[in-house]
Amino acid sequence: MKALVYHGPDHIALEDKAKPVIEAATDAIIRIATTTICGTDLHILKGDVPTVTDGRILGHEGVGIIEETGKSVTGFHKGDKVLVSLITSCGSCSYCKKGMYAHCKNGGWLLGNTIDGTQAEYVRIPFADNGLYLLPPDAENEAAVMLSCILPTGLECGVIKGQVKPGDTVAIVGAGPVGLAVLLTARLYSPSAIIMIDVDNNRLETARMFGATTIINNTDGNAVQQVMTLTKGIGADVVIEAVGLTSTFAVCQSIVAVGGHIANVGVHGKPVELHLEKLWSADITLTTKLVDAVTTPLLLKMVLSGKLDAKKLASHRFKFPDMLHAYQTFEHAAKEHALKVVISIE
């Protein structure tokens, strides 16, 4: 089969690889129809994720058709159309019993990380009964694939962990795909204002179309002043970091209100500076989280019913042989006006 293979920082290639086979009774083999590229994949290319080693097939998002199932898989059958979750969970370990599936002792974020992922014609899914979701045959692949990662990540790590409430002022730092997913799901909680901060005018205008009440371009570094002016010196009740840079994390600390909440969503490859000398007395809550994908069933219902338009997160479409071009487009998102790039393998 063809697959997108990682060979160290800044080196990926489209190669022939052996088709995966059933290794455990709980496995399923999926023929991938649609996949996409995540911001985390770009962090991998930068060398920020050392668990990803030379020869790994990348990708943790996908929609496809079940090709084969292990003997213990009971919820799915050959020919079923399914959504692949980025999280693998055994369902029985102590972390799974707590609903912390990202920390599963036998799983977690494996796909495209410590086992081969979904940017390939076929992928092996461990613990298939827990890591797959049945889709109607007529479900739109482009919409469904947004449920593999970014929508549950935005909702769980940003909105829910940040405790967004009706009437809150919410500031989202980073208007990339995950930041936009935070925006879409934050709106479900009726905040009074959603401020989106970025340096890309195209993404900011997209955020406005998605429902942001205020957009701020921070190219000149005055976002903090603008937020504080806008909020009459109070700051934002919930600030969500959706980039993963030292500079964007610093902005979050400077605009959070007394008694407010900073929810980190971005993947950080380098240390950040925590200004406790300013925050120690301000009753600030700072949270981090890996997505558990516990909200995927809820989000799937909303997408299938038309209550959540996930497809609008897709900006570019490619065929699988053009996978390297798709990565180049996503890497140069500002120049290419790219959000999520969708790759069709069928």
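**A parallel sheet, its helices and its salt bridges**

Six strands form an open sheet in the order β11-β10-β9-β12-β13-β14, with parallel pairing; strands are DSSP runs of E with at least two residues, helices are runs of H or I with at least four, and both are numbered from the N terminus. Two strands count as paired if DSSP finds at least two bridges between them. The edges are held by β11 (214-217) and β14 (285-288), each with a single partner strand, so one side of each has no neighbour in the sheet. On average, neighbouring strands are turned by 15° against each other, direction ignored.

This is a predicted model, in which local features need pLDDT of at least 70 and side-chain atom pairs count only at pLDDT 80 or more, while totals for chains, interfaces and linings use all residues. Residues are numbered from 1 along each chain as its sequence is written, and side-chain values use heavy atoms, with hydrogens and water left out.

Within the sheet, strand β9 (residues 169-173) runs parallel to strand β12 (residues 236-241), and four bridges join them. Ile172 stands opposite Ile240 in β12. Helix α8 (residues 223-230) packs on the sheet and touches β10 (193-198) and β11, where contact means heavy atoms within 4.5 Å. The direction of α8 makes about 155° with that of β11; axes are lines fitted to C-alpha atoms, for helices over the stretch in contact, and angles run from 0 to 180 degrees between N-to-C directions. Helix α9 (residues 246-255) lies across β9, β10, β12, β13 (256-264) and β14, at about 155° to β13.

The structure holds 11 salt bridges, each defined by a side-chain nitrogen of Lys or Arg within 4 Å of a carboxyl oxygen of Asp or Glu. One of them joins Asp27 and Arg124 at 3.0 Å, N to O. Asp27 lies in the loop between β2 (12-16) and β3 (28-36) and Arg124 in strand β7 (residues 122-125), so the pair ties together parts that are 97 residues apart in sequence. Both Asp27 and Arg124 are buried; buried means under 20% relative accessible area, exposed over 50%, and partly exposed in between (1.4 Å probe, protein chains only). Glu23 is linked with Asp27 and Arg124 in a network of salt bridges.

Another salt bridge pairs Asp168 with Lys165 at 3.5 Å, N to O. Asp168 counts as buried because its relative accessibility is 7%, whereas Lys165 is partly exposed at 46%. Lys289 and Asp292 meet at 2.6 Å, N to O; Lys289 is partly exposed at 27% and Asp292 is buried at 7%.
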